[in-house]
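User: Hi! I would like to learn how to read a few features of a protein model, step by step. Could you walk me through one?

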Amino acid sequence: MPPRRALSPTLGPDDVTALAEAVAGGTRRTVYLREGVPSLGVAPGSSARVVSVADGVVTARPRGVGDDLPFEAGELAGSAAAARAPLERAPRAPRAPRAPRVPAPAAQVRVVLAGSGDGWTVEVTTGSTRPGRPVAVGAEAVARAVTALDEPRTRAAVDGLLARAREQARARVAALATELAAAQASLDALNP
């Protein structure tokens, strides 16, 4: 019978090899769970009988459980005290300096210009807020904005409505000119 080798607090590769040799030689070996298995009612530090070892995986039957469960070496310890002891953690690597904070982008602003035969309106939405009420905008402001944008598709989209606004303005000028001429004639008639 090979000499019984004491297992380390957390099983390493040598411990797994020793377990495999012991089980192959017919020796019963016990390991202890570093973490419990709550779904089976197994608490941390509980003992488990080693059933087999293959490819670094230790198959064991925890006390009070009728099934064999697979465990990685790091999940097992050589003694109950070691299983309950906190794991030694590797020292943390120093943190890399944080990148400077980049300010959040300004709130998105959405401007919707709507036109129809009745006139033009503009509606503004800032961020995720609800849009404000549409505000009436004169055709001359729309014409200046479209000219400033210098974007052919936009110009083509509004040219028809702007042409209609121009015709309405010409008709209004003609009507006012006729009215002004009539008012001038009335004034001239009152002055002998």
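User: Happy to start with strands. Which residue stands opposite V122 in β7?

Analyst: L113 stands opposite V122 of β7. Elements here are DSSP runs numbered from the N terminus: helices are H or I with at least four residues, strands are E with at least two. Before going on, note that this is a predicted model, where local features need pLDDT of at least 70, side-chain atom pairs count only at pLDDT 80 or more, and totals for chains, interfaces and linings use all residues. Residues are numbered from 1 along each chain as its sequence is written, and side-chain values use heavy atoms, leaving out hydrogens and water.

User: How many bridges join β6 to β7, and in which sense do the strands run?

Analyst: In general, strands of a sheet pair through backbone hydrogen bonds, parallel or antiparallel. Two strands count as paired if DSSP finds at least two bridges between them. Here eight bridges join β6 to β7 (residues 119-126), and the two run antiparallel. Another facing pair is R110 with T125 in β7.

User: What is the order of the strands in the open sheet?

Analyst: The order is β6-β7-β8, three strands with antiparallel pairing. β7 and β8 are joined over three bridges, and T121 has A136 in β8 as its bridge partner. The edge strands, pairing on one side only, are β6 (109-116) and β8 (135-137). Neighbouring strands are turned by 30 degrees against each other on average, direction ignored.

User: Which helix packs on this sheet?

Analyst: α3 does, touching β6, β7 and β8, and its direction makes about 75 degrees with that of β8. Contact means heavy atoms within 4.5 Å.

User: At what angle do α3 and α4 pack?

Analyst: For such angles, axes are lines fitted to C-alpha atoms, for helices over the stretch in contact, and the angle between N-to-C directions runs from 0 to 180 degrees. α3 (residues 139-149) and α4 (residues 152-190) pack at about 155 degrees, with axes 10 Å apart. That makes α3 roughly antiparallel to α4; the cut-offs are under 35 degrees for roughly parallel, over 145 for roughly antiparallel, 65 to 115 for roughly perpendicular, and oblique for the rest. From α3 the contact uses A139, V142, A143, V146, T147 and L149, and from α4 it uses T154, R155, V158, L162 and A165.

User: Where is D150, and what is its phi?

Analyst: As background, most residues other than glycine have a negative phi. D150 has a positive phi of about 50 degrees although it is not a glycine, and its place is the loop between α3 and α4. D55, also not a glycine, has a positive phi of about 55 degrees; it lies in the loop between β2 (47-54) and β3 (57-62).

User: Is D55 buried or exposed?

Analyst: D55 is exposed, with a relative accessible area of 83%. The scale is buried under 20%, exposed over 50% and partly exposed in between (1.4 Å probe, protein chains only). D150 is exposed at 66%. G160, found in helix α4, is exposed too, at 51%.

User: How many residues apart in sequence are G160 and S116?

Analyst: They are 44 residues apart in sequence and 9.9 Å apart in space, C-alpha to C-alpha.
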